[in-house]
Amino acid sequence: MSELLTSLASNAWAFFLVVLFFGGSIFVHELGHFLAARRRGVHVERFSIGFGPPIVSWHGKDGVEYRLAWIPFGGYVLLPQLADLGAIEGESKTDVSKLPPISYATRMLVFVAGAAFNILFALLLATIVWLVGQPTFSALATTQIGTVSATVTLADGKTVPNPAAEAGLQAGDTVKSIDGVAVKNFEDIINAVLLGTRRTADGRRVSEFVIQRDNREQTVAVYPLLLGDDQIRVAGVEPADDLTADEVLPGSPAEAAGVLPGDRILAIDGQPIFQRVAVSEHLSKNSDRPTQFLFQRGHEQVRIAIQPRAETDERTGKPVARIGLRYREPIMVIHPTPWSQISANVRMTFRTLGALISPTSDVGLSKLSGPIGIGRVLHQQAQWDIRRVLWFTILVNVNLAIFNLLPIPVLDGGQMLFATINRLRRRALPPNIIMATQSAFFVILFSLIIYVSFFDVRRWARDIEADRTEQK
């Protein structure tokens with residue numbers, strides 16, 4: 001019963017954080033439009049979070065109608081002097097002919113204010129993350145390759161040669177850049193391959209790795225495969241683990257041999273080693289004799305022979321060979337600067353957009369996330385650590401800012417485009433053309449959201465089924 005209550009409380013808290021930060025990101029965007037409009041003397045008729053009929057609405061002392069609507073795919077500030085979006089935002093009751101005309105500068109400032117507020121909000125959150133830290137897996141904080149398996153398994157179950165192994169990549173290689181873009185962690189490596197657009201003359205997918213091996217840089221061409229249910233580009237490399245001893249257990253073989261906390265495993269039996277599972281497998285295969293360990297201790301290297309001891313594994317109940325080392329926790333806390341966080345998200349957003357429109361990439365709309373997918377990721381991060389929620393909300397706000405400034409009718413960038421065309425023509429575009437264009441793009445945009453959300457739900461259902469299978 002206590003576990004059920006704990007689970008319910010955890011989910012309730014996570015749901016609250018989803019509403020707070022996802023809804024808050026939309027609110028901040030619309031608040032930017034609202035405050036800029038009020039500052040520039042533009043008439044504000046309505047401030048709405050969500051589209052469609054209101055769940056609740058009220059009029060403030062300032063005469064503005066505030067509402068929370070049923071369709072939570074964004075929001076709007078009704079500004080009849082700036083844009084006629086009656087088909088989307090609802091008909092205006094204001095007689096625009098009785099209001100003064102609005103200058104081009106005012107239009108641009110009001111339209112860009114939403115994106116500007118998203119960036120300011122992201123900067124605020126990034127500053128908080130910088131101060132309190134961002135939890136991440138230590139394996140993802142490296143660019144060193146930990147293992148390259150000989151084969152990989154396709155979605156249909158067929159086993160094929162690993163692209164990284166075929167290209168000659170090895171455990172211990174440090175990746176410096178991919179396709180000319182520097183990488184700073186293993187997530188950068190994964191994303192650089194996933195968003196890759198390069199192909200050979202005969203149409204094969206290719207990623208150009210620049211690696212460091214034995215203190216020398218070399219360029220390696222890797223030919224990624226499409227793997228997994230989502231069919232994404234994968235090179236077939238895994239990150240190296242932190243093999244530093246955080247604790248040497250009392251009475252263990254490692255303590256008897258003289259291993260100290262802080263010692264880092266470099267090699268065993270003369271072979272460089274980069275992953276914890278590889279250490280365990282080697283000990284299991286050679287449990288009947290001492291294993292020669294090479295440790296990094298401060299600025300010197302120390303060789304120590306350790307005889308493994310058979311112990312019972314707590315999870316499986318089977319005997320395993322151990323030496324009594326407890327590694328550092330796999331989760332570490334980093335403190336990236338606000339600028340590095342914002343700039344990294346901006347670069348990632350533009351790379352994703354570039355891959356989306358490139359005919360040579362494997363990134364399609366089905367691989368993007370809509371409101372359901374974003375909400376689910378926020379919920380997952382909330383169940384882990386609230387600092388991860390802040391990290392993901394930064395990405396959401398940067399995406400909102402850039403996406404809304406695209407020159408697409410019904411978005412802020414589209415309204416800025418219309419205003420610029422009017423200024424260049426020295427007269428307004430015909431209202432029927434604007435309305436028809438906006439209505440058409442709203443239908444297209446809404447259809448895309450539904451389309452993307454379908455795949456969000458399918459991924460969600462697939463993951464639930466995988467969890468059930470794993471628990472059996």
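Q: Where is Arg39 found?
A: Arg39 is in helix 1, residues 2-39. Helices (H or I, at least four residues) and strands (E, at least two) are DSSP runs, numbered from the N terminus.

Q: Before we go on, what kind of model is it?
A: This is a predicted model: local features need pLDDT of at least 70, side-chain atom pairs count only at pLDDT 80 or more, and totals for chains, interfaces and linings use all residues. Residues are numbered from 1 along each chain as its sequence is written, and side-chain values use heavy atoms, with hydrogens and water left out.

Q: Back to Arg39. Buried or exposed?
A: Arg39 counts as exposed, because its relative accessibility is 76%. Buried means under 20% relative accessible area, exposed over 50%, partly exposed in between (1.4 Å probe, protein chains only).

Q: And how far apart are the C-alpha atoms of Arg39 and Val110?
A: They are separated by 9.2 Å. Along the chain, Arg39 and Val110 are 71 residues apart.

Q: New topic. Why is strand 15 largely enclosed?
A: Four of the five residues of strand 15 (264-268) are buried, so the rest of the structure largely encloses it.

Q: How many bridges join strand 15 to strand 17?
A: Four, and the two run antiparallel. Strands pair if DSSP finds at least two bridges between them. Arg264 stands opposite Gln296 in strand 17.

Q: What about strand 16?
A: Strand 16 (residues 271-272) pairs with strand 15 over two bridges, also antiparallel. Ile268 stands opposite Gln271. Strands 15 and 16 form a hairpin with two residues between them. In the turn, Asp269 has a positive phi of about 50°.
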